[in-house]
Amino acid sequence: HAQKLGAKIFFDTLLNEHIATTDFQSKVDTCQGEYIENAIKRERKELEGRGGAIADLNSGPLTAASDNFNAETFIDRRPIKAVVYSSSSSNLLDVLEYFYDKFDNANIAEMMQGNIDVMAYELGRFRLGQKEGKFCPICNGWNEYSGKELSGCKNTLLEVSDAAGNVFLIESERILRAIGKEDRDRADCVGNPVEMNRLGEAPLNKYGISKKAWKVGDALCIDARDPHPSFRARLSEEQWAAYGSARCKELVAIDGGEGVDNYFSPLPCEEETNYGQLMVSLRKWQPCGKFHGKPRWNHLRKKQVGWYTGPTLVHEEIETVKEDVFILALDASLAHGLDLSFVTHLYLLEPIDDAALLEQVTSRAHRLGATGPVTIETVNVWHELDPSTKKFRKQIASNLNDEDQKRTSTAICEHCYRSFDNITLAEEHEIRCDRNPDSSAEVPLFHLSSVYRDLRPPPPMGIGACGDVESDTKCP
């Protein structure tokens with residue numbers, strides 16, 4: 001019994017250790033993200049079948065908040081707005097990474113920071129389906145306006161070099177893939193191959209998504225077409241000369257290429273050359289505004305830095321751009337007091353055992369101003385073992401239960417019907433029971449118990465004296 005109990009404890013310990021690993025948690029996050037993804041896509045498809053979303057409820061069909069609401073004629077055509085709620089920031093971030101891989105960045109809003117400006121901006125994007133900001137006049141990148149003045153572009157640009165020695169800046173969206181060890185022997189490969197384990201489980205073509213995996217010297221394959229169908233045409237060298245590119249080149253020469261200066265020059269690859277694919281090596285990366293710094297004295301006023309004299313974000317007007325935002329990642333610590341009466345779905349990544357807290361969370365959506373029903377789901381995930389492991393665990397549990405039953409369950413002798421505390425004692429008694437015909441016990445001839453050998457216990461109910469099932473026919 002001790003061996004069987006130890007086997008079960010050892011098995012459960014290994015299982016619990018596996019559940020606590022990051023690999024298992026990653027599988028949980030993927031399952032949760034996949035369930036929510038499929039649910040949102042299904043709801044959006046059904047909404048299109050009902051005629052599409054109507055954001056302006058005044059001109060739309062009857063809603064649940066109407067005085068003359070009729071359940072038979074009610075058609076819910078509100079835009080799908082889904083909130084993904086979690087009290088664990090790490091779990092929410094992992095599920096959010098899954099969403100960014102399956103949806104466009106413009107479809108997702110985040111409320112995971114304590115900055116009130118960022119929170120208000122993200123909630124406005126999610127509710128109104130629009131954003132405010134400025135397009136950079138240099139790289140045409142979008143800079144979000146959250147109430148603070150926009151002075152320098154914060155979009156990340158990468159400085160790379162090709163086999164011919166050309167050094168230029170690119171957007172991260174131009175990265176087609178990183179070069180792995182299997183492609184490092186190519187004649188046009190530049191730089192060091194990228195290890196697969198650095199990207200986790202992501203493929204090499206996802207290299208440009210996160211800066212965490214970037215290293216100086218990484219070998220990359222980029223799309224260097226200029227003009228490019230997805231990007232605005234870059235300024236010509238003549239235009240850059242008017243903005244101070246000559247001074248930029250002087251600063252680069254002084255710093256030996258290790259400084260912060262460079263400019264968004266035309267790319268060296270033509271569109272018809274191998275579809276614009278070019279092998280490069282990563283040198284550095286930083287925001288666009290740092291590459292194109294304005295002329296000024298440094299903080300010690302010992303030398304003049306910066307060179308760019310062209311237009312910046314300060315000269316651009318704030319624009320409003322519509323976007324389809326239908327997911328809000330909401331951290332539990334930032335959910336207090338929010339008005340989510342426009343939400344259609346609320347997904348909880350973990351159960352909330354406190355009834356008062358659950359009521360408070362759901363009341364963010366179930367409140368005055370709601371114009372329709374709200375679907376609230378707790379996304380529970382259970383681990384499932386493979387068939388062979390489940391069979392092994394069941395066998396261990398069954399054997400242990402049998403042993404426990406023998407030790408703890410009461411038992412009765414099948415011959416004399418005497419009661420015992422457990423099965424083991426009953427089995428030991430049956431071996432030497434006086435009523436057992438096969439017993440080895442010697443009973444005195446004139447002892448009262450000797451009659452047990454001639455007088456058998458009564459048969460079970462439903463069985464005749466001859467051992468047959470009762471019927472109308474009696475034994476003689």
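Five strands form an open sheet in the order S2-S13-S1-S14-S15, with parallel pairing. Its edge strands, each pairing on one side only, are S2 (108-111) and S15 (375-378). From one strand to the next the twist averages 15°. Strands here are DSSP runs (E, at least two residues), helices are runs of H or I with at least four residues, and both are numbered from the N terminus. Two strands count as paired if DSSP finds at least two bridges between them.

This is a predicted model, in which local features need pLDDT of at least 70 and side-chain atom pairs count only at pLDDT 80 or more, while totals for chains, interfaces and linings use all residues. Residues are numbered from 1 along each chain as its sequence is written, and side-chain values use heavy atoms, leaving out hydrogens and water.

S2 and strand S13 (residues 327-331) run parallel and are joined by four bridges. Ala109 has Leu328 as its bridge partner in S13. Axes are lines fitted to C-alpha atoms, for helices over the stretch in contact, and angles run from 0 to 180 degrees between N-to-C directions.

| Helix | Strands involved | Angle |
|---|---|---|
| H4 | S1 (82-86), S2 and S13 | about 150° with S2 |
| H8 (residues 355-362) | S1, S14 (345-348) and S15 | about 145° to S14 |

Helix H4 (residues 116-128) contains Tyr121. Leaving aside residues up to four places away in sequence, Tyr121 touches Lys131, Glu132, Trp142, Glu144, Tyr145 and Ser146. The C-alpha atoms of Tyr121 and Ser146 are 5.6 Å apart, although the two residues are 25 apart in sequence.

The protein as a whole has 10 helices and 17 strands. Of its 476 residues, 38% count as buried. Among contacts with a separation of 6 or more, 67% are between residues 24 or more positions apart.

Confidence is given as pLDDT, the predictor's value for each residue from 0 to 100. The mean pLDDT of the protein is 79, and 75% of its residues reach 70 or more. Over residues 57-67 pLDDT stays under 50, and the model has 21 contacts beyond four places in sequence for them. Residues 463-476 also have pLDDT below 50, with eight contacts in the model beyond near neighbours in sequence. Where pLDDT is low, the predicted coordinates should not be read in detail.

Key
Contact means heavy atoms within 4.5 Å. Buried means under 20% relative accessible area, exposed over 50%, partly exposed in between (1.4 Å probe, protein chains only).
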